[in-house]
Amino acid sequence: MAGQQQALIPEGMGPGEVYLFTPGGNSVYLRSGGEIELQGKVRIQGSLTVNGEPYAPCES
């Protein structure tokens, strides 16, 4: 992995938190409280579980 020191960190970023970003504005922010913040297009390849249950989209 390569990186550079960023000019601005997210406001309120705490110890142990991780923030990855691209020049295009996409980012992954792992917060200390267990929250994951994604910015940009999200693509999942493989299975997805939500609260321990396999995800199934609504058929409306």
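How many bridges join S1 to strand S2? There are 4, and the two strands run antiparallel. This is a predicted model, in which local features need pLDDT of at least 70, side-chain atom pairs count only at pLDDT 80 or more, and totals for chains, interfaces and linings use all residues. Residues are numbered from 1 along each chain as its sequence is written, and side-chain values use heavy atoms, with hydrogens and water left out.

**Chain overview**

- The chain holds 0 helices and 5 strands. Helices (H or I, at least four residues) and strands (E, at least two) are DSSP runs, numbered from the N terminus.
- Along the sequence, the pattern reads β-β-β-β-β.
- Of the 60 residues in the chain, 8% are buried. Buried means under 20% relative accessible area, exposed over 50%, and partly exposed in between, with a 1.4 Å probe and protein chains only.
- The accessible surface of the chain is about 5700 Å², and 52% of it belongs to carbon and sulfur atoms. Such areas come from the Shrake-Rupley method with a 1.4 Å probe; for residues, only the protein chains shown count as cover.
- Among contacts with a separation of 6 or more, residues 24 or more positions apart account for 0%. A contact means heavy atoms within 4.5 Å.

**The sheet**

- An open sheet of 3 strands has the order S1-S2-S3, with antiparallel pairing. Two strands pair if DSSP finds at least two bridges between them.
- Strand S1 (18–21) and strand S3 (36–39) are at the edges, each with a single partner strand, so one side of each has no neighbour in the sheet.
- On average, neighbouring strands of this sheet are turned by 5° against each other, direction ignored. Axes are lines fitted to C-alpha atoms, for helices over the stretch in contact, and angles run from 0 to 180 degrees between N-to-C directions.

**S1 and S2**

- Strand S2 covers residues 27–30.
- Val-18 has Leu-30 in S2 as its bridge partner.
- Tyr-19 stands opposite Tyr-29 in S2.
- The hairpin of S1 and S2 has 5 residues between the strands, and Gly-25 takes a positive phi near 95° there.

**S2 and S3**

- S2 and S3 are joined by 4 bridges and run antiparallel.
- Tyr-29 has Glu-37 in S3 as its bridge partner.
- The hairpin of S2 and S3 has 5 residues between the strands; in this hairpin, Gly-34 takes a positive phi near 95°.

**Faces of S2**

- In a regular strand, side chains alternate between the two faces of the sheet.
- Ser-27 and Tyr-29 form the covered face of S2. Val-28 and Leu-30 form the uncovered one.
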